[in-house]
Amino acid sequence: MSDILKIDTEVAAGIKKLGPRVEPLVVFDENFPMLEEVIPEFVGVLPNDKMTLLVKRLKMTMKLYSALGLAANQCAVRERVFVIGTDQFQMACINPKVLSVSDDIVKDNEGCLSFPAFFLSIPR
């Protein structure tokens, strides 16, 4: 059989179920109150199905908006997780922490999905 067309006959016959359908999330704008909150740390066991599904949905939403990053709280999800990446590579960061800070300052253009079409030169 060709690699171009493969049919899982168990799924087609209803013997084996597909996973949950993955849908993109809604991204809220800058007036969304959750953006001002400190989100509590995730305390569950990883990996787990709920976090795996959330990360898939965050990545899908990030790609849909051609973004480079997206946090769960931008989508009304109270989990301390964000995704970053490009078309070729994405990663999820769960309970991220800043471990060290440099005195060097770099200025670059930044945008945010909560502020669509708004870019600023931000020193960091």
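The structure is a predicted model, in which local features need pLDDT of at least 70, side-chain atom pairs count only at pLDDT 80 or more, and totals for chains, interfaces and linings use all residues. Residues are numbered from 1 along each chain as its sequence is written, and side-chain values use heavy atoms, with hydrogens and water left out.

**Overall fold**

- The protein has two helices and five strands; helices (H or I, at least four residues) and strands (E, at least two) are DSSP runs, numbered from the N terminus.
- Along the sequence the order is α-α-β-β-β-β-β.
- Of the 124 residues, 23% are buried, meaning under 20% relative accessible area with a 1.4 Å probe, counting protein chains only.
- Among contacts (heavy atoms within 4.5 Å) between residues at least 6 apart in sequence, 53% join residues at least 24 apart.
- The accessible surface is about 9,700 Å², and carbon and sulfur atoms hold 58% of that area; the areas come from the Shrake-Rupley method with a 1.4 Å probe.

**The β4 and β5 pair**

- β4 and β5 pair in the antiparallel sense over six bridges; two strands pair if DSSP finds at least two bridges between them.
- A hairpin of two residues joins β4 to β5.
- Gly111 stands opposite Phe119 in β5.

**The largest pocket**

- A pocket is an open set of points on a 1 Å grid over the protein atoms alone, where a 1.4 Å probe fits, with protein on both sides within 12 Å along at least five of seven lines; lining residues have an atom within 4 Å of a point.
- The largest pocket holds about 560 Å³ of space, a volume being the space filled by probe spheres set on the grid points, which are joined across faces, edges and corners.
- Its lining has 25 residues, and Gly69, Gln74, Gly111, Cys112 and Leu113 lie nearest the centre.
- β1 (69–71), β4 (107–112) and β5 (115–123) each supply at least two lining residues, and β5 gives the most, with five.
- The lining divides into 15 nonpolar, seven polar and three charged residues; Ala, Val, Leu, Ile, Met, Phe, Trp, Tyr, Cys and Pro count as nonpolar, Asp, Glu, Lys and Arg as charged, and the others, Gly among them, as polar.

**The second largest pocket**

- The second largest pocket has a volume of about 230 Å³.
- Its lining includes Leu35, Glu37, Val38, Ala71, Arg80 and Pro96.
- Seven of the lining residues are nonpolar, one is polar and three are charged.

Key. Buried < 20%, exposed > 50% of the residue type's maximum accessible area, 1.4 Å probe, protein only.
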